[in-house]
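This report walks through selected side-chain pairings and the packing around them. Please look at the sequence and the structure first, and then read on.

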Amino acid sequence: MEDTLTLAEAMEDLVSAEDFLDYFEVPYEASIVHVNRLHILQRFHDYLAKQAPNLPPEEELQRGIYRLWLERAYKDFVTSDSLTEKVFAVFQHVAKPDGGMSSFVSLDKVFRQ
């Protein structure tokens, strides 16, 4: 008898972007993932965070939605790059009141869950 992990259990075991892409069977080019792995995972997390309240209770449907969002996160970096996508706060420049630009990130945003 084969033990089957729940989606939550499987997600706990996934470490790298490649692990996620392989698990959800999303085809990818290693060279794109190599350069953008953290950005892809963060974008995937951001997509899921927005979708979480709307997820259906059925695990198979959730798995399909996770796959779609991971594929979208990956594709964001196939056609663009990390500077353009501005996934992390450090890339999000804002105008300073006295002129110029700042990419200051407060500690509460760094440690936000």
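Which residues are linked in a network of salt bridges? They are E59, E60 and R63, where a salt bridge is a side-chain nitrogen of Lys or Arg within 4 Å of a carboxyl oxygen of Asp or Glu.

## Basis of the model

This is a predicted model, in which local features need pLDDT of at least 70 and side-chain atom pairs count only at pLDDT 80 or more, while totals for chains, interfaces and linings use all residues. Residues are numbered from 1 along each chain as its sequence is written, and side-chain values use heavy atoms, with hydrogens and water left out.

Side chains of opposite charge can pair when their charged atoms come close. By the rule given above, the count comes to 6 salt bridges. One of them joins R63 to E59, with the closest N and O atoms 3.0 Å apart, and another joins E60 to R63 at 3.3 Å, N to O. R63 and E59 are 4 residues apart in helix α4, so about one helical turn separates them; E60 and R63, 3 residues apart in that helix, are likewise separated by about one helical turn. Helices here are DSSP runs (H or I, at least four residues), numbered from the N terminus.

R63 is buried at 18%, E59 is partly exposed at 30%, and E60 is exposed at 58%.

## A contact between D76 and R43

D76 lies in helix α4, which covers residues 59-78, and is buried with a relative accessible area of 14%. The side chain of D76 makes a polar contact with the side chain of R43 at 2.6 Å; a polar contact is a pair of N or O atoms within 3.5 Å, where within protein one must be able to donate a hydrogen and the other to accept it, and residues adjacent in sequence count only if both atoms are side-chain atoms. D76 and R43 are 33 residues apart in sequence, and their C-alpha atoms are 8.7 Å apart in space.

## Aromatic pairs

A search of the whole structure finds 6 aromatic pairs, meaning rings of Phe, Tyr and Trp (its six-membered ring) whose centres lie within 6.5 Å, with planes under 30 degrees apart counted as stacked, over 60 as edge-to-face and the rest as tilted. Among the pairs found in that search, F20 and F44 are edge-to-face, at 5.9 Å centre to centre and 70° between the planes. This pair links distant parts of the chain, since F20 is in helix α2 (residues 17-23) and F44 in helix α3 (residues 30-51), 24 residues apart. F20 is buried at 10% relative accessible area, and F44 is buried at 4%.

F24 and F44 also form an edge-to-face pair, at 6.3 Å centre to centre and 65° between the planes. Here F24 is in the loop between α2 and α3, 20 residues from F44 in helix α3, and F24 is buried at 3%. Ring pairs link F20, Y23, F24, F44 and Y66 into a cluster.

## The nonpolar core

The largest nonpolar core has 22 residues, and those with the most contacts inside it are M11, F20, F24, I40, F44, Y66 and L70; such a core is a set of buried Ala, Val, Leu, Ile, Met, Phe, Trp, Tyr and Cys residues joined through side-chain atoms within 4.5 Å. At least two residues of this core come from each of α1 (7-13), α2, α3 and α4. Leaving aside its neighbours within four places in sequence, Y66 is in contact (heavy atoms within 4.5 Å) with L7, M11, F24, F44, L48 and L55.

Technical notes:
Buried means under 20% relative accessible area, exposed over 50%, partly exposed in between (1.4 Å probe, protein chains only).
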